[in-house]
2 protein chains.
Amino acid sequence: MGIRRITRRRAIALAGVGAAGVAGAAGGVGAMAYAQTHDREDGAATGAVPFHGANQAGIVTPAQDRLHFVAFDVLTRDRDRLVEMLRQWTAAAARMTAGRDAGTIGAVNGIPEAPPDDTGEALGLPPSGLTITVGFGPTLFRDASGRDRFGLAARRPAALAELPRFAGDALRPEISGGDLCVQACANDPQVAVHAIRNLARIGMGVVSVRWSQLGFGRTSSTSRDQATPRNLFGFKDGTANLKAEDTDLLRDHLWVLPGDGPDWMTGGSYLVTRKIRMTVETWDRSSLAEQEAVVGRTKGAGAPLGRTAEFDEPDFAATGDDGQPVIPVDSHVRLAHPDTNGGARLLRRGYNFVDGSDGLGRLDAGLFFMAYQRDPRRQFVPIQTRLSRNDAMNEYLRHVSSAIFACPPGVRDAADFFGAALFR
Amino acid sequence: MGIRRITRRRAIALAGVGAAGVAGAAGGVGAMAYAQTHDREDGAATGAVPFHGANQAGIVTPAQDRLHFVAFDVLTRDRDRLVEMLRQWTAAAARMTAGRDAGTIGAVNGIPEAPPDDTGEALGLPPSGLTITVGFGPTLFRDASGRDRFGLAARRPAALAELPRFAGDALRPEISGGDLCVQACANDPQVAVHAIRNLARIGMGVVSVRWSQLGFGRTSSTSRDQATPRNLFGFKDGTANLKAEDTDLLRDHLWVLPGDGPDWMTGGSYLVTRKIRMTVETWDRSSLAEQEAVVGRTKGAGAPLGRTAEFDEPDFAATGDDGQPVIPVDSHVRLAHPDTNGGARLLRRGYNFVDGSDGLGRLDAGLFFMAYQRDPRRQFVPIQTRLSRNDAMNEYLRHVSSAIFACPPGVRDAADFFGAALFR
């Protein structure tokens with residue numbers, strides 16, 4: 001029986017027998033360094049998303065239902081250790097996205113006292129559409145004191161600039177920024193958590209978790225095959241999102257092209273994350289008419305005000321009997337629309353979150369906003385500048401976390417690794 | 001077309017048309033007080049769990065995948081307002097568990113300025129196995145200063161006593177206790193969150209959220225039809241759990257019987273919750289042999305040490321070649337086993353959680369333990385006393401939140417409400 005033919009379920013059974021026998025003899029753990037491949041299942045929810053490719057998975061991949069996102073501080077000053085960890089992350093990511101473990105559960109290299117190379121909580125679970133997407137923050141290139149940490153300062157893309165302060169920002173530094181990020185998306189939250197945890201385990205001593213965020217429900221569609229989900233205001237969100245099928249728009253707005261900046265980012269994309277607390281209790285006390293005026297869409301169908309269906313184009317020129325615009329001038333849909341922003345668009349990939357309560361009798365709930373783009377200076381920054389000044393929705397929002405990352409192109413094959421061209 | 005025949009999808013479309021038309025005319029929201037019944041779907045994951053019955057749903061119901069749990073402080077001093085809210089909660093719970101909204105999305109009683117009676121984020125989602133289970137904490141009967149708040153003090157069951165302090169407890173008062181609790185379990189987290197949020201909205205001014213907890217993965221099976229899931233130590237958890245099929249054991253260990261205490265709790269059950277932080281980073285650095293010795297089971301199959309299969313009975317008398325017990329005396333499985341606890345058993349219904357990170361480079365992760373039982377004084381308290389003193393697993397655990405609630409019997413019909421017999 002070739003080791004690659006062992007299915008995950010079969011491997012578990014073997015592990016049980018091996019460990020029980022060994023423990024019963026109070027001896028070593030034995031040579032259980034089995035590899036695990038998975039019983040592939042059909043269906044988008046449980047299947048595997050290919051890991052290797054020209055672009056990283058997890059960007060135009062149809063948005064999975066669950067998220068675990070983490071930002072890391074890099075602890076080491078040793079560039080070689082950092083690169084070695086990125087190589088290890090890449091190998092583990094290739095395994096985990098295929099539904100295999102991060103490493104072996106049993107003894108490592110025959111040493112029974114070694115910890116397992118996988119934490120085990122995803123044993124028996126299918127790949128669940130897991131994607132692992134890695135990005136580099138501005139502080140990886142040059143820290144707050146201006147130090148060039150890994151000889152990378154000259155290679156920082158101009159587009160990877162710290163975001164400006166926006167009106168109303170209430171950012172908490174301890175859950176903002178980060179030298180590295182990993183976005184794990186899957187249709188089973190246990191699979192996403194398992195992926196992040198194992199990368200953190202592999203990075204022990206090299207990186208340290210700075211902040212992390214779980215998201216329980218996607219708030220955007222990234223494919224025309226997906227229904228538009230609802231955010232915690234109860235409205236459909238991301239109707240006008242960039243989608244995987246919009247090939248021309250993706251070229252213009254999503255992927256970094258040759259000449260945009262340093263070559264190592266060609267085929268990559270910039271990620272902006274914002275944790276946006278929504279004061280849902282206040283929102284829930286406002287009338288339906290007020291809610292719809294703030295959003296600029298109907299709550300039921302998600303149609304632009306004055307139209308009837310979700311994907312109808314908003315008519316910003318239309319006025320009502322009272323002469324006022326049907327879609328208010330300070331409504332979210334108007335201010336965020338490409339027509340108001342010189343055509344700028346984002347590929348949004350956010351998730352709803354509830355992080356317990358806030359000690360003041362309210363749920364700590366909102367949107368973990370994530371948006372991919374070709375150049376934040378021409379996309380997120382001007383859009384958010386406009387929204388932060390004028391959006392009627394701001395009354396119900398508070399931005400508490402912010403970060404920006406350069407997500408390099410895809411890992412092309414087994415010899416490649418996350419960000420290889422940056423460190424070459 | 002009878003209003004009960006409107007499916008949820010159809011109702012959304014109607015809502016869209018109504019709201020758009022009205023908003024376009026800048027007038028009132030109109031009479032959109034539509035009722036919503038749901039396109040029932042087959043399959044345990046998306047279907048509805050019956051709400052009415054002799055016992056509350058969400059206890060022996062096969063454990064759903066996701067949890068939103070909330071503890072409330074009662075703000076009002078007015079018993080009638082509290083009772084009225086419990087009636088409103090009951091009506092909303094009956095609707096939501098059937099896949100309908102908590103109330104109407106459109107204008108309430110024709111008043112366009114009224115907020116919607118449902119927050120909307122579950123529009124279009126199936127019932128998803130939602131259960132809503134309500135409990136009463138000791139402080140509802142008598143507050144910390146000894147005041148009989150609602151004339152209920154004489155009706156407090158002796159079994160509903162504050163838990164003693166256990167060895168190693170590191171409880172945070174602000175996320176412990178509570179006058180009321182609601183457990184919402186569903187196979188879609190958005191459905192569970194929607195349920196809790198709408199009950200909080202309905203209770204505005206009467207109750208206030210004290211603490212709340214999301215759980216992303218069930219850690220116990222409550223039915224023999226369910227596979228045993230894994231906790232964040234990577235081990236199968238709850239193998240020896242009480243299960244719905246164990247009718248005799250449930251009578252002895254789960255449901256309150258006549259004569260156990262005040263009649264209003266007959267058919268109810270006591271819930272103990274404990275938020276248990278797991279220091280997974282430390283755990284992940286320990287060897288497989290150490291991990292299996294701590295748990296007393298193999299990591300792969302979940303078999304008791306010295307045996308081969310998960311459901312094999314542990315042999316606590318067996319010794320190895322070295323004369324030592326195969327299942328260590330301080331292992332979790334030995335100390336938690338009914339044989340060590342005079343036959344005491346629990347129906348566990350816990351969930352894994354990850355609440356971001358702890359600011360010290362670690363994930364804030366662990367188990368939100370929930371256990372239902374007939375009398376905590378003879379079940380949870382002695383078991384946890386033993387575990388807290390001797391369990392080898394304590395090195396990797398910290399109990400940070402604790403609560404106890406009396407969950408009354410089921411709501412029998414449309415005239416009944418949560419805890420009616422208590423307030424009669």
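S128(A) is found in the loop between α2 and β2 of chain A, where helices (H or I, at least four residues) and strands (E, at least two) are DSSP runs numbered from the N terminus. The structure is a predicted model, in which local features need pLDDT of at least 70 and side-chain atom pairs count only at pLDDT 80 or more, while totals for chains, interfaces and linings use all residues. Residues are numbered from 1 along each chain as its sequence is written, chains are lettered from A and ligands numbered from 1 in the order in which they are written, and side-chain values use heavy atoms, with hydrogens and water left out.

Although not a glycine, S128(A) has a positive phi of about 60°. Most residues other than glycine have a negative phi. With a relative accessible area of 3%, S128(A) is buried; the term buried stands for under 20% relative accessible area, exposed for over 50%, and partly exposed for values in between (1.4 Å probe, protein chains only). In chain B, S128(B) likewise has a positive phi of about 60° and is buried at 3% relative accessible area. S128(B) is found in the loop between α2 (79-97) and β2 (131-136) of chain B.

## Salt bridges

A salt bridge is counted when a side-chain nitrogen of Lys or Arg is within 4 Å of a carboxyl oxygen of Asp or Glu. By this rule there are 42 salt bridges over all chains. One of them joins E121(A) to R197(A), with the closest N and O atoms 3.1 Å apart. This pair links distant parts of the chain, 76 residues apart: E121(A) is in the loop between α2 (79-97) and β2 (131-136), and R197(A) is in helix α4 (residues 189-202). Both E121(A) and R197(A) are buried.

D237(A) and R348(A) form a salt bridge at 3.2 Å, N to O. D237(A) lies in the loop between β5 (217-218) and α5 (247-253) and R348(A) in strand β7 (residues 347-348), so the pair ties together parts that are 111 residues apart in sequence. Both of these residues are buried. In the salt bridge of D375(A) and R378(A), the N to O distance is 3.8 Å; D375(A) is buried at 8% relative accessible area, whereas R378(A) is partly exposed at 48%. A network of salt bridges links R277(A), D358(A), R362(A) and D364(A).

## Helix α7

In helix α7 (residues 288-295) of chain A, the residues L288(A), Q291(A), E292(A), V294(A) and V295(A) are buried. They cover an arc of only 160° around the axis, which puts them on the same side of α7(A); the arc is that of the directions from the helix axis to the C-beta atoms. Just after α7(A), G296(A) has a positive phi of about 90°.

## Interface of chains A and B

In chain A, 72 residues are in contact (heavy atoms within 4.5 Å) with 72 residues of chain B. The area buried between the two chains is about 5,600 Å², of which carbon and sulfur atoms give 65%; buried area is the accessible area (1.4 Å probe) that two parts lose on being put together, summed over both. In chain A, R197(A), D284(A) and L288(A) lose the most area to chain B, together 11% of what that side buries.

Two salt bridges are counted between chain A and chain B. R197(A) meets D284(B) in a salt bridge of 2.7 Å, N to O.
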